[in-house]
Amino acid sequence: MNQATQDPHHIDVKEFHPRARAAISDPKIRQNFRKAMDGLITKRKDAFEGMDLEALRELGANIRLRALANLPDLLEQLEKKLSENGIKVHWATDGDEACRIVRNICVARNAKTVIKGKSMVSEEMELNHYLEERGITALESDLGEYIVQLAGETPSHIIMPAIHKNTGEISELMHQTTGTDLSNDVEYLTASARQQLREKFMNADVGVSGVNFAVAETGTLCLVENEGNGRMTTTVPPCHIAVTGIEKVVGNLEDVAPLLALLTRSATGQHITTYFNMISGPRKLEELDGPEEVHLVLVDNGRSSIYQDDELLDTLRCIRCGACMNHCPVYTRVGGHTYGTTYPGPIGKILMPHLIGLDEGRHLPTASSLCGACGEVCPVKIPIPDLLVRLRQESVDGDKLNPAKVRGHGAKRGSVEALVWKGWSWMHARPGVYRFGTALAARLRKLQPGQLGGWTEYRTAPKLAAKTLHERMKERGQ
Amino acid sequence: MADPIKVYPPKPSHVYFYATCLIDMFYPDAGMAGIQLLEREGVKVIFPEDQTCCGQPAYTSGYHDEARAVAKAQLDLFPEDWPIVVPSGSCGGMMRKHYPSLFKHTDQEDKASGIAARTWELTDFLLNVCHIHLKDLGEPTTVAMHTSCSARREMGVAEVGPRLLGQLQNVNLVEQVRAEECCGFGGTFAVRHPEISGAMVSEKVDALTDTGAGAFVTTDCGCLMNISGCAEKNRKPLEGQHILSFLWDRTHSGSGRES
């Protein structure tokens, strides 16, 4: 399967394996991701040099935990403050409702063109697709998103959407779609895109952006970006619509500084991004620029069901830095599109099952060696490996003491596998049976099959010892 | 994740040795080496005969009822208040980090937490509780090391292996590129996602081979089985050994490696 040509709106998440195999045998995908991830790992490390990273992560985790503990109150406060600031607040239970809200605002303004800053929630909503089908043009203005849109693809990384492409591929794409010259000069390519986008900014009726932090006490929307397209999107068109998940709220303005310090360093290894926008309302009478209208669409889309569970709740701490994918040995091998989900990599594996159902996303939690690199770098200390194990349990209804509750749970429970584990458990819970069985296996080791499914495709079969340690200790008189 | 602060106990008179099923069946030499290293430090080693498996394979596969049944059978093996030492970061991690949550709200909750609190990864125990001093009797050699992800991140003992090897005068330890990256074992992950696991282990074999050492040691038998098996399949000049076997082989005055 060619990753680049599959229809991004009709991906079967369950077809993870064929996509993984295709990605792994594609040297270009392997090379592009490895090179990019190696670079990001180094940059992050350098950016935290000389800082007490553990203390900062602890602080970041506590800020997010505190915000989540007070989420209902903070959301109420946020709505009140935003309204006072002249920002209209909308609530959406799912992606479709959020799309409808955005469209209705557009229709009310007779808006035909939308320019977009980077927003993963809008990807989650499939907003572009929705608007296009209803005659409203949505153009991505973040360079990576712009490239992905030109290619008719979806982002392969939450921070660097076009990271799966190298300069040559981007040059070729831009040449074919926008008529730029073929060139490996990144500055030339960037300047060409910039020129094309400038014009669109001036003519756009509505700007749509995401939100990194929504501050409840002041009613401020914070937006982190590097290209200035976020500022253009939120200030040039006469109407700005911000879309975000309900979990992005923080209590106080002072909560923002530590989270920002963690976010930019974890994401791109930057001490600070080129732009940091704090949006506190539409243009005031005495002001010369800024939008006439500002809206915020708060999207639930499965988040409040995550919120109901004390353990799963940790998923909502995420500040979307992407460090977990940058450090993930699986993501590095298979790339973002293999997951077939809006959010790829470790955070995708623990978040997407709630958004699409664990039946649909049943393979996601299994695609991990549980190496723990993701949890180790997470700036807000989300215990990602523990949550993966929890979702594995949910996907097979594996714990009678803690019944599964995620939508679509139990879909992965197969009768053969369940029987294998029952048999395994029966033997290992009976020491006598275990000793007899393992000693017998040692005697019969010459009969051991040389082929063991997927294991021996890449390795020789493990070799049983002539005597078990139990036997040797018995001989020793212990 | 690793404890922020680890409080080591004083060196005890006795320890319980929890061998793990992989060592029991595939690498008993490594188990014997661990036992002999402990005994040489003057610690009496108790090997509970009824030990089987910590339950981790079922646990990480999501079959927690089955994991709990197996883990429960281990809980009564350690009646005295002695430390439990495990020659594996992975199984040690299961007992230390996951037993308490596995038995939460059950009658075994306290027992499981008690066991968790006195479970130690064996190399960590040798270095930081026994304060072992190794005297190298072997020929000069060069070796690379692969620390398992569970030893590194769950048990927080990434420094321990290199420090132990550093005590050996004639051993030159070389570092592989991307030393912190997983070898791709991950228990059932290697079987469920053979292509991804295969890609990971192939690159790990390359990284270790490229050190030029020709040999590597590791803290965990899962990694050992994975990396050595891949090297053997691809006829790479790379020999793997459990770090305990390596330490014992180089420091005891017998005829070399037991078989």
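Two residues are in contact if their C-beta atoms, placed from the backbone, lie within 7 Å. The model described here is predicted. Among contacts in chain A between residues at least 6 apart in sequence, those joining residues at least 24 apart make up 73%.

Chain A contains 22 helices and ten strands. Its radius of gyration is 25 Å, close to the 23 Å from the globule rule for 478 residues, so chain A is as compact as a globular protein of that length. The C-alpha trace of chain A spans about 90 × 55 × 50 Å along its principal axes. Of the 478 residues in chain A, 50% are buried.

Chain A gives 54 residues to the contact with chain B, and chain B gives 56 residues. Helices of chain A that each supply at least two residues to this side include α1 (16–24), α18 (384–395) and α20 (431–443). The largest share, five residues, comes from α19(A). The side of chain A that touches chain B divides by class as follows.

| Class | Side of chain A that touches chain B |
|---|---|
| Nonpolar | 25 residues |
| Polar | 17 residues |

Chain B has an open sheet of four strands, paired in parallel in the order β6-β5-β7-β8. Its edge strands, β6 (171–174) and β8 (239–242) of chain B, each pair on one side only. From one strand to the next the twist averages 35°. Four parallel bridges link β5 (residues 141–146) of chain B to β6(B), where Val171(B) stands opposite Thr141(B). Helix α13 (residues 243–251) of chain B packs on the sheet and touches β7 (215–218) and β8 of chain B. The direction of α13(B) makes about 85° with that of β8(B).

Definitions and conventions:
Residues are numbered from 1 along each chain as its sequence is written. Chains are lettered from A and ligands numbered from 1 in the order in which they are written. This is a predicted model: local features need pLDDT of at least 70, side-chain atom pairs count only at pLDDT 80 or more; totals for chains, interfaces and linings use all residues. The radius of gyration is taken over C-alpha atoms; the globule rule is 2.2 Å times the number of residues to the power 0.38. A residue is buried if 20 or more other C-beta atoms lie within 10 Å of its own, exposed if 12 or fewer, and partly exposed in between; C-beta atoms are placed from the backbone. Ala, Val, Leu, Ile, Met, Phe, Trp, Tyr, Cys and Pro count as nonpolar, Asp, Glu, Lys and Arg as charged, and the others, Gly among them, as polar. Two strands pair if DSSP finds at least two bridges between them. Axes are lines fitted to C-alpha atoms, for helices over the stretch in contact, and angles run from 0 to 180 degrees between N-to-C directions.
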